[in-house]
Amino acid sequence: LAIRYVGNHSTHLPGTFAINSTNVFENGFYDAFNVTANGGNAPLFDKLLMGINVSGSGVVNGTTITGSQALRAYSGTYTFLATNAIGSLASFFNTSQALGPAGTTPVRGWLLANAGLPANYVVANPQYSGVTDQCACLNASYNSGVVELLKHFSNGLAFNGNVVWAKSMSLNGTGLNFRNWNAQRTPGGQQFTWKASGTYELPFGRNKKFLNATSGIAGVVDKIIGNWQTGALFTLNSGSYLAFTCAGNPTGGSDPCTSATAMPKDPGKVIRTGNGVVFYNPSIFTQVKDPYCTSITNLQSLQSRCTDLAMDYNGQLLFQNSALGQQGTMSGTSNWKGPGLFDIDMNLLKRFTVKEKITVEFRMDAISITNTPHFTNPTTSINSTSFGRISAPSAGGSNAFTTPNIFYGNRVYVANLRVSF
């Protein structure tokens, strides 16, 4: 029996930082977006769209037709306002070639130049589609406890089993908030893994406890049931940590969800229904209209453009898309985990001698003998109507623990016969 601790902390890991991140704060986009989504008229958008004929509204003049009105009505921009996507709207003004003088296709950045704004008003280096800084700026830590039991082969039995309980944390990117790298610090891996393997040689036949004979009836029986060996491989894993995703990018990066109430104990479990497999009980988890949709104005039918959904748990709002102009409050990865894995593989083997120089080996392998499916993680986008649904068994990807990995957990028998001479 051995009990060990295994841990490491790595710093200055290689990574990248996007220098051309969309700026929505110092240039006024953040405030103008919020004013427009609330039904007001933002002077910045009047300046950017003045004199331009916007489909669905007409020519923006700043009085009877304002820039904010045009953005709420225009099919190319109302989705940004309806989903709290400030960064996407700023990027539209920086790169769009859809709006410009009649009969022409303007170059990227024309809207900014036409309004008398500098080319780097939205991104630092507009001449490039993307600019990244290669840095030694990431880090990771790993801590685990390991309990291992080992029995060397003796008296026909060998066994090796270990349980690993681990926690892994890493800063692996800056996509959530370019101004707060710690927002991307997330757990990863599996919480625990239990693996065990063993071999047992049946106590019958020559040099064994029972039927130890080479002739007579015992010798004949030895040929049939002697020298059989069986083995097994057992695997039990917790699921991988789940990251719930929401719409919007209120600070220019991607946006996590917002927790409306304290997250309950992980309720996930595989549930087979009449129309597929789900991971969360549909009688407890239901999708409802997101509060963001009713918080924005209905001018130019903006509320009807909002398709965001929130998650209701036992009649109480659990998590939702972020509020207008606000970053989501949940971490990039939650403490809830996806489907675990249970797998048992077994084999049966017999070796016997036909003649002095001829031996035969028969082996039967039963892969995933319990026929237990190996499931992928469920859909975790709260705005998807497939939230919580498991679309397929796992043969690869984030939850691929199958042995071998081409199988989905379905039972497979493989028979082998080998003759050596």
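This is a predicted model: local features need pLDDT of at least 70, side-chain atom pairs count only at pLDDT 80 or more; totals for chains, interfaces and linings use all residues.
Visitor: Where is Asn53 found?
Guide: Asn53 belongs to strand 2, which covers residues 53–54.

Visitor: And which residues does Asn53 touch, leaving aside those up to four places away in sequence?
Guide: With those set aside, Asn53 is in contact with Gly58, Val59 and Leu99. Leu99 is 46 residues from Asn53 along the chain, and the C-alpha atoms of the two are separated by 7.7 Å.

Visitor: Let us step back. How many helices and strands does the protein have?
Guide: There are nine helices and 18 strands. The protein has 421 residues, and 41% of them are buried.

Visitor: What share of the contacts comes from residues 24 or more positions apart?
Guide: Among contacts with a separation of 6 or more, residues 24 or more positions apart account for 67%.

Visitor: Now helix 1. Why is it described as largely enclosed?
Guide: Helix 1 spans residues 29–37, and seven of its nine residues are buried, so the rest of the structure largely encloses it.

Visitor: Which residues of helix 1 are the buried ones?
Guide: They are Phe29, Tyr30, Ala32, Phe33, Asn34, Thr36 and Ala37.

Visitor: What covers them?
Guide: The cover includes helix 2 (43–49), helix 3 (67–73), helix 4 (78–82), helix 5 (86–95), helix 8 (291–295) and helix 9 (302–305).

Visitor: What follows helix 1?
Guide: Gly39 follows helix 1, and its phi is positive, near 100 degrees.

Visitor: At what angle do helix 1 and helix 5 pack?
Guide: The angle is about 110 degrees, and the two axes are 10 Å apart. Helix 1 is therefore roughly perpendicular to helix 5.

Visitor: Which residues make that contact?
Guide: Helix 1 contributes Phe29, Tyr30, Phe33 and Asn34, while helix 5 contributes Ile86, Leu89, Ala90 and Phe93. Seven residues of this contact are nonpolar, one is polar and none is charged.

Visitor: On to the largest nonpolar core. Which of its residues touch the most other members?
Guide: This core has 42 residues, and those touching the most other members are Phe29, Phe33, Phe45, Leu48, Leu49 and Phe93. Two or more residues come from each of helix 1, helix 2, helix 3, helix 4, helix 5, helix 6 (110–114) and helix 8. As a general matter, nonpolar side chains tend to be buried together in soluble globular proteins.

Visitor: Take Phe45. What does it touch, not counting residues up to four places away in sequence?
Guide: On that basis, Phe45 touches Phe29, Ala32, Phe33, Thr36, Gly67, Ser68, Leu71, Leu89 and Phe93. There is also a second, separate core of 17 residues, which includes Cys257, Met311, Leu318 and Met330.

Visitor: That brings in cysteine. How many disulfides are there?
Guide: The count is two disulfides. One of them joins Cys246 to Cys257, with an S to S distance of 2.1 Å. Both cysteines lie in the loop between strand 8 (228–237) and strand 9 (258–259), so the pair ties together parts that are 11 residues apart in sequence. Cys246 and Cys257 are both buried.

Visitor: Is that link of Cys246 and Cys257 left-handed or right-handed?
Guide: The link is right-handed, with 105 degrees about the S-S bond.

Visitor: And what of Cys293 and Cys306?
Guide: Cys293 and Cys306 form a disulfide with sulfur atoms 2.0 Å apart. Cys293 is in helix 8 and Cys306 in the loop between helix 9 and strand 13 (309–313), so this pair ties together parts that are 13 residues apart in sequence. The torsion about their S-S bond is about -60 degrees, so this disulfide is left-handed. Cys293 and Cys306 are buried as well.

Visitor: A last topic, backbone torsions. What is phi of His12?
Guide: Phi of His12 is near 55 degrees, a positive value in a residue other than glycine. His12 lies in strand 1, residues 2–18, and counts as exposed because its relative accessibility is 61%.

Visitor: And what is phi of Gln300?
Guide: Gln300 is not a glycine, yet its phi is positive, about 55 degrees. Gln300 is located in the loop between helix 8 and helix 9. With a relative accessible area of 28%, Gln300 is partly exposed.

Methods: Residues are numbered from 1 along each chain as its sequence is written. Side-chain values use heavy atoms; hydrogens and water are left out. Buried means under 20% relative accessible area, exposed over 50%, partly exposed in between (1.4 Å probe, protein chains only). Helices (H or I, at least four residues) and strands (E, at least two) are DSSP runs, numbered from the N terminus. Contact means heavy atoms within 4.5 Å. A disulfide is a pair of cysteine sulfur atoms within 2.5 Å. Axes are lines fitted to C-alpha atoms, for helices over the stretch in contact, and angles run from 0 to 180 degrees between N-to-C directions. Angles under 35 degrees count as roughly parallel, over 145 as roughly antiparallel, 65 to 115 as roughly perpendicular and the rest as oblique. Ala, Val, Leu, Ile, Met, Phe, Trp, Tyr, Cys and Pro count as nonpolar, Asp, Glu, Lys and Arg as charged, and the others, Gly among them, as polar. A nonpolar core is a set of buried Ala, Val, Leu, Ile, Met, Phe, Trp, Tyr and Cys residues joined through side-chain atoms within 4.5 Å.
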